[in-house]
Amino acid sequence: MLRLLATIRKEWQLLLRDKTGIILLFIMPVVLITVMALIQDAPFRDYQDIKFDLLTVDNDHGKLGRYVKEGLSKSGQFNIIDSLDGQPLTAGQARDLVNSGKYKISIIVPQGATAEIVSNANKIVNDITKRMGVPGSLPVKQRTDSVNVTIYFDPAAKKAFKGAIHQAVDNFLTQVETDLLLDRIKQQLRRKDSTQVATSDSFSIRLQAVGLKELSTGAGKQLDIISNSVQHNVPAWSIFAMFFIVIPIAGNMIREREDGSLLRMKLIPGAYLDILGGKMLFFVGVCVLQFYLMMLVGIYLMPLLDLPRLVMGYHQGATLVVAIGIGLAATSYGVLIGTVFKTPNQALNFGAISIVIFSAIGGIWIPLEVMPEKMQVVGHLSALSWGLDAINDIYLRNGDIAMVWKKVLMLVGVSVVMLAVAGYIEKRRLN
Amino acid sequence: MSGIVVKNLCKTYKGSIEPTLKGLSFQFREGGIAGLLGPNGAGKTTTISILCGITRADSGSVTIFGTPQDAAHREAIKHIIGIVPQQIALYPQLSAVQNLTYFGNLYGFKGKALQEKIMYYLELFGLAHSADKEIYKYSGGMKRRANIIAAILHDPRLLILDEPTAGVDVQSRNLILQFLKDYNARGASILYTSHLLEEAQSICEEIAIVDNGKMIVHGNPNELILKHSQCSNLEDVFLHYTGEALRD
C-alpha cells in the first residue's frame, strides 16, 4: 500500500511541477469543448430552431398558394420571402437565386393550381352525389391540365433536408385537397338538406379520429431534453480530452525508461504492479477530474455563451462509473503506447493521431447515427464510442447502471487486454 | 565460494549476430572493492544487468554471496544489492528530497526514520543546502551524488556502480571515491566500472578486464602492473591486453 500511495504522491508532485501538462490536461479541453460546442451549434440547430429563408412565388393567388405560405411560415422553420426590392418574385429569379447558392429553397405555386384542385374535388363530389341521388352538380373543368408545384433546392443541400421539405409541401397539398373536398361535400349536403331540416352542426366532419402524441421513452422521471450541440459536444469532447492523457502517460513511461528510473524501480524489491497500479490510479483520477470539470463547463459556462445548459440526467452514480471506465481505458492505452514506443516523439505522434482516428470513427466529431452504415459498424469498435454511448444513455435516455454496465464492462475488458499486451511486450524486452 | 561468482555467461541480444558475452567468467571476493573494466562494447553493462537480474543470460550462472541469481531468488538478491546506473535515474522535475522519499518509500521505509536517513546522506554528500532544489537545476557532480544516495537508502551489502564519476569535477570525484572507501570499510562489497583507470587503480583491490564478451585478465591492479615490466600503470596494462584499436 505504501508503494502505491507513494507512486500516487510522486505523480501528483510531477504534475504540479509540469505547467504545460496541466494546461494540456485541463485548460485545453475546456477551450476545445467550448469552441466545438459553439461552432457545431448551427449544424445541430439545422433541423431544430434555425430559420431558413424560403423564396415563394405564388402565381396561383388562390387557396393553395396561401396555404403553402401560411403553413411553412407557421412551422417556425422558414422566413417566407415572396418579393425582392418591393417587386413580386418571379419563377426565373427564384431559380437563379437558389442555383447561385444565395438561398437554399424556393417553391413555385403555378397559376391555376387551386382551380385544378377545386375542379378535381368537384368531380369527385359530383360522382358521389350522383350515385346517392342528390340533385345538382358542381362545375368541373372540361380539360384537365398537369399542374405541379415546383421546388428548387440549392445543389449543395443535404438529402435529409430535401426530404423534409418535400414531405412538408406534400402535406400542404394533401391538406388543401382534403379541405376543398370536404368543403364541397358539405356544400352538396347542405344543398340536399335545405329542402329538409337545415342545421350547420349536422355537417361537421371530424377528420382526425386518431391523433399523434410524442412521449419520452425513459422510465421514472422523464427527461425533457433533445440532443443539441452542448448535449453532444460536451460529453463527446470530454471523452476525447480524457484519451489525450495517453500523451503524458506515454511520455512519462518512456522518460522513466530512458533516464533509468524504471530500472531503479524494477531493482527495488516488490512487484512492479504496485507502482503501475499507483500510476494508473493517479491518471484515472485525473481523467475523472477532467470529465467533471468539462461537465461543469457545460452546466455553467455554456449558458453564458447563449448555448443550452448541459443536462446530466438523474443517475450520477452511473455517470461516475462510466467516467472511471473511460479513464481506465484511456490510461491503459497510454501504458500500452508508452511500452510499445521507444521515443517520446514516436509515442506523441502515434498517440495523438490514433486518438483523432478513434474519435472520428467513434462518433465524437459527428454522431455515429449520421455516418454511413459501414462506418457505424466500424465506429462501434472504438472504445470512445462505448463511453459516449454510455454517457448518452444516462444523459439523454435517463439510463441507470443497469443500462450502461455492459459498455463499462467493455471498457474494462479492453483495458485489461491493453495492459496484458503491454506486460507481454515488456517481458519480451527484458529477455 | 562467497562473493560474486560469474560462470560462463553467454548473451546474444535479439537481432544481433555477434554475441555480447561469450562465456564470461570471473569472481570477486566479498567485502572488497572490485573493478570491472573494459573498452566500449566489451560487455560490462550487459554483465551488470545480468548481475542485477534485469537481463536474462542465455546460459551460464551468477551467484551473489552464495545466492544464485535466478527466478526463485531474484527478489532476495534485490534486497542485498544497490545499483547506481550510468544515467541519472532520478526525476529531474522533483527535488532531491522528493526523489529520495519516493525511492525510500518503494523500499518500504517511511516517516521520520526515512527523512533522517535522507538528510544524513544529503549532508554526507554535500547536498543538504540544495535538498529542495529540483534535480534538473543540479550540476553534473551534484546529480551523480544524488544518484548514489538513491541506491544506498536500503544499506545494500553489494553496491554496483556503472561509471559513477563520469563527467564530474575533481571535488565531486574525490567525495564519491572517499564515500566508496568508507562504505566498503563498513563491510559492504563494491563492484564498479569505469573508464578512468587511474581511479580504478587507486581504489580497487581486484579488477577484471573484459573484452569482446570474454575475461582477459583478473587480479590485483598493482600486481598486474608489476607482472608486466613494460607497464607503469593500469592504463598500460589495459592497453596491453585490449590493444590500441578504436572501439565503436
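Domain bounds are those of an automatic or database domain assignment. In chain A, the assignment gives domain 1 (2-44 + 226-430) and domain 2 (50-203), and the centres of these two domains of chain A, taken over C-alpha atoms, are 55 Å apart. The model is predicted: local features need pLDDT of at least 70 and side-chain atom pairs pLDDT 80 or more, while totals for chains, interfaces and linings use all residues. Residues are numbered from 1 along each chain as its sequence is written, chains are lettered from A and ligands numbered from 1 in the order in which they are written, and side-chain values use heavy atoms, without hydrogens and water.

**Interface of chain B and chain A**
- Chain B and chain A bury about 2900 Å² between them, 59% of it on carbon and sulfur atoms (accessible area lost on being put together, 1.4 Å probe, summed over both parts).
- B:I54, B:Y91 and B:L106 supply 22% of the area that chain B buries against chain A, more than any other three residues.
- The rule finds one salt bridge across the interface (a side-chain nitrogen of Lys or Arg within 4 Å of a carboxyl oxygen of Asp or Glu).
- B:E134 and A:R17 form a salt bridge through their side chains, at 2.6 Å, N to O.

**B:D162**
- Beyond neighbours within four places in sequence, residues in contact with B:D162 include B:I48, B:V84 and B:T193 (heavy atoms within 4.5 Å).

Conventions
Buried area = accessible area lost by both parts, 1.4 Å probe.
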